[in-house]
Amino acid sequence: MRLPSARNRAVRGATIGAFALAAATAAAGVSAVHPAKANAAAPDQLPFQCFTTANTFHQLFGPNSFFLNENQQGPTGFSESPPTSKPVVNLPLRTGTAAGHRIFYVITDASTQSAAASLGVNFTPKLANAANTPGVQLSSSDDPTAINVPAGVDFSPTHVLVAGPNGFPPAQAQAGAVGDPGYSPLVQLPDGVVLNAEQIGDGTTTNVSDKAHWADKVESLDTATHMVSYDITNGCYEDQSVHYTSFDSSNPTAAAIEDVTLAPKLDGVPSPNCAANDLSATPPFIAPGCARAELIAFINGQTGKDNVQRQGENAAILDSPLNPLNILEDVPNNGGQFNYSPMWDIHFLQWDSNVPVANRVRQTDFLRAKALVGTQAQSITPSGAASNTFQSTGFIVNCPLISIFANN
């Protein structure tokens, strides 16, 4: 985490007012989130990862994943380092143009299977519903490996994240990268294909340690093979561990917590709560006009770097660099056609103040976590109010899925 400069704090500063959550979190009783000792009721869980990887099948996602079981490996352009507390994914680095200058970017998803197959990325048909919406920017190039778009990213701001009294909400929060007006990672080609083409460098230098010109989560670049390594985020799905990458958020405080690019244009991706019926529908299914999927993020779970029950935005801030261990609605597999999208409609949940901290155990299944709302937890609305009705908090984080450690 870089220290704030006075210039960037003034120019790019953002506070938790963007969430309007102070009153809600105070009511939830987030002051005592440090249990005296870790709850040891889950021997297969790890502090940094939802579960151990023993006796699992590690499937990397790709263009055919919606047509495979989770214990089958299909073609993919992704590769990973071993599962540690700080894993990375290796992705082909692309060179394109934004606002008239060279940029470096990666591609993680495509809206058609033919494009996904040619690029070795996730086939994500939901992204077709983002075409011709305010959530995309248009490429004048029909070559997905050489996009030409109007807006780029400024990587020069200093990343600032200062814990609040309870971790979350943070006392200070500022994204380390800010999209220019009109920037979106969703790029629509002239033929209508929508790519998730995330800009990670402004083209000035190939020295990825120069964070004034590269995304903070870029770890290394092999200039001979044109492969870039990027930090992975650990998450939970149906009592299994998943890996995803976090690139952008439409909300300034979320962008600071995730240390990703602020991209307000993503709020134009249709639409909040559109994926509410995904898991109750018979696959294959895509809600009409919906380009999002749902993600649950607790804000006041247990904390502690050695605690196997740690989870939540407060844990991500206080236990940095460990992840919040968010809970995903679905992944690309043949049992959930076609629910997955990297455009996660964020649902903040808070544990009720009447639930003792020791009982705020890690949640690893979406439907079980959702069922807590109205009894042991509340949803946080876009205004920051607490609600007993499960609903979106009103912003997007762009987190493409990379792999799953599937139960055998």
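Asn251 counts as buried, because its relative accessibility is 8%; buried means under 20% relative accessible area, with a 1.4 Å probe and protein chains only. Before I continue, please note that this is a predicted model, in which local features need pLDDT of at least 70, side-chain atom pairs count only at pLDDT 80 or more, and totals for chains, interfaces and linings use all residues. Residues are numbered from 1 along each chain as its sequence is written, and side-chain values use heavy atoms, leaving out hydrogens and water.

Asn251 sits in the loop between strand S19 (248-249) and helix H4 (252-258). Helices (H or I, at least four residues) and strands (E, at least two) are DSSP runs, numbered from the N terminus. A polar atom of the Asn251 side chain lies 2.9 Å from the backbone nitrogen of Thr253.

I turn now to the sheet. Here 4 strands form an open, antiparallel sheet in the order S2-S3-S16-S15; two strands pair if DSSP finds at least two bridges between them. Strand S2 (79-80) and strand S15 (218-222) each have a single partner strand, so one side of each is left without a neighbour in the sheet. S2 is joined to strand S3 (residues 88-92) by 2 bridges, and Glu80 stands opposite Val89 in S3.

Finally, the cores. A nonpolar core is a set of buried Ala, Val, Leu, Ile, Met, Phe, Trp, Tyr and Cys residues joined through side-chain atoms within 4.5 Å. The largest has 81 residues, and Leu195 and Trp344 are among those with the most contacts inside it. Strand S5 (residues 101-110) gives this core its largest share, 6 residues. Another core, of 12 residues including Ile327 and Leu372, lies apart from it.

Technical notes: Buried < 20%, exposed > 50% of the residue type's maximum accessible area, 1.4 Å probe, protein only. Polar contact = N/O pair within 3.5 Å; in protein donor to acceptor, adjacent residues only side chain to side chain.
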